[in-house]
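Reader: I'm new to this one and would like a close look at a single part of it. Could you start there and then walk me around the rest?

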Amino acid sequence: MGVKENLDHIKSTFSSASCLLIAVSKTKPVSAIQEAYEAGIRDFGENKVQEMAEKAPQLPQDIRWHMIGHLQRNKVKFIASFVHLIHGVDSLRLLEQINKEGKKVGRVISCLLQIHIAKEESKFGLDEQELEEILFGNDVRQMEHIRIVGLMGMATNTADTSVVQNEFSYLRALLEKYSRENLPPQIALKELSMGMSGDYKIAQEEGSTMVRIGSAIFGERNTK
Ligand SMILES: *Cc1c(COP(=O)(O)O)cnc(C)c1O
């Protein structure tokens, strides 16, 4: 099936009409992104800075670029001028760097804090205590060029749907808990970035506001 057919199929299975579909185009050519764009998609996700920075100028200007991968501090400068949302922020030092680069280009850059919800060691993210240190600490209050708009998480890669469901449910509970707190104006927790090709339906049932879908749209990737 082609990109357009895949997109139609995915949208027909969405249980939440307000959930944003981010097409994860990593490793895929500009032509594939163009196809999805023509089918109406405006939000695209990449996990490598260089790849995103190379693709963006070749594509329509109204695309919203989402950095979904692990972001190194020394690479923030390559995307600061155009990135729409950085999903994988998992340290105060990275936030500081984003704030610094945002200031240089005169932008306020939206970020999600990545929470470690999976059983797997390899997945990045904060635990609840580290999250609290960022949310309630003094450092974020000084940052005028970032906005923390929600949380992001990746569930365990398992066929056991109850495990996945519990992990997403935990992430939503965290968002609900901390969105009730009295936090500085830089922090407005409302977005929940959770769900990929294999688990987006569960994620939507658990309250996801944005799903990051790659292979179900563009086909399997050859490289990682
Ligand atoms: C690659 C990737 C996705 C998309 O994965 P698919 O299984 O192809 O849908 C989503 N989120 C992150 C962080 C990714 O790196």
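Leaving aside its neighbours within four places in sequence, which residues is R73 in contact with?

Author: Happy to, and keep in mind that this is a predicted model. Once you set aside the neighbours within four places in sequence, R73 is in contact with R93, L94 and Q97. You'll find R73 in the loop between β3 (64-67) and β4 (85-89).

Another loop residue to look at is T27, in the stretch between β1 (20-24) and α2 (30-38). T27 is also partly exposed, at 31% relative accessibility. Most residues other than glycine have a negative phi.

K26 is one of the residues around the ligand, along with V24, I68, M152, M154, M196, S197, R212, I213, G214, S215 and R221. Sorted by class, that shell has six nonpolar, three polar and three charged residues. An N or O atom in the side chain of K26 lies 2.7 Å from an oxygen atom of the ligand. The side chain of S197 has an N or O atom 2.5 Å from a ligand oxygen, while G214 uses its backbone, with a polar atom 2.8 Å from an oxygen of the ligand. Taken alone, the ligand exposes 390 Å², and the protein buries 90% of that.

Now for the inside of the protein. The largest nonpolar core has 64 residues, and the members that touch the most others are F44, L95 and L113. Helix α6 (residues 161-179) gives this core its largest share, six residues. There is also a second, separate core of six residues, with I22, L85, L112 and M210 among them. I22 turns up again around F44: leaving out residues up to four places away in sequence, F44 touches I22, A23, S25, I33, A36, Y37, I63, R64, W65, H66 and F218.

Methods: Residues are numbered from 1 along each chain as its sequence is written. This is a predicted model: local features need pLDDT of at least 70, side-chain atom pairs count only at pLDDT 80 or more; totals for chains, interfaces and linings use all residues. Side-chain values use heavy atoms; hydrogens and water are left out. A nonpolar core is a set of buried Ala, Val, Leu, Ile, Met, Phe, Trp, Tyr and Cys residues joined through side-chain atoms within 4.5 Å. Buried means under 20% relative accessible area, exposed over 50%, partly exposed in between (1.4 Å probe, protein chains only). Helices (H or I, at least four residues) and strands (E, at least two) are DSSP runs, numbered from the N terminus. Contact means heavy atoms within 4.5 Å. A residue is near a molecule or strand if one of its heavy atoms lies within 4 Å of it. A polar contact is a pair of N or O atoms within 3.5 Å; within protein, one must be able to donate a hydrogen and the other to accept it, and residues adjacent in sequence count only if both atoms are side-chain atoms. Accessible areas come from the Shrake-Rupley method with a 1.4 Å probe; for residues, only the protein chains shown count as cover. Ala, Val, Leu, Ile, Met, Phe, Trp, Tyr, Cys and Pro count as nonpolar, Asp, Glu, Lys and Arg as charged, and the others, Gly among them, as polar.
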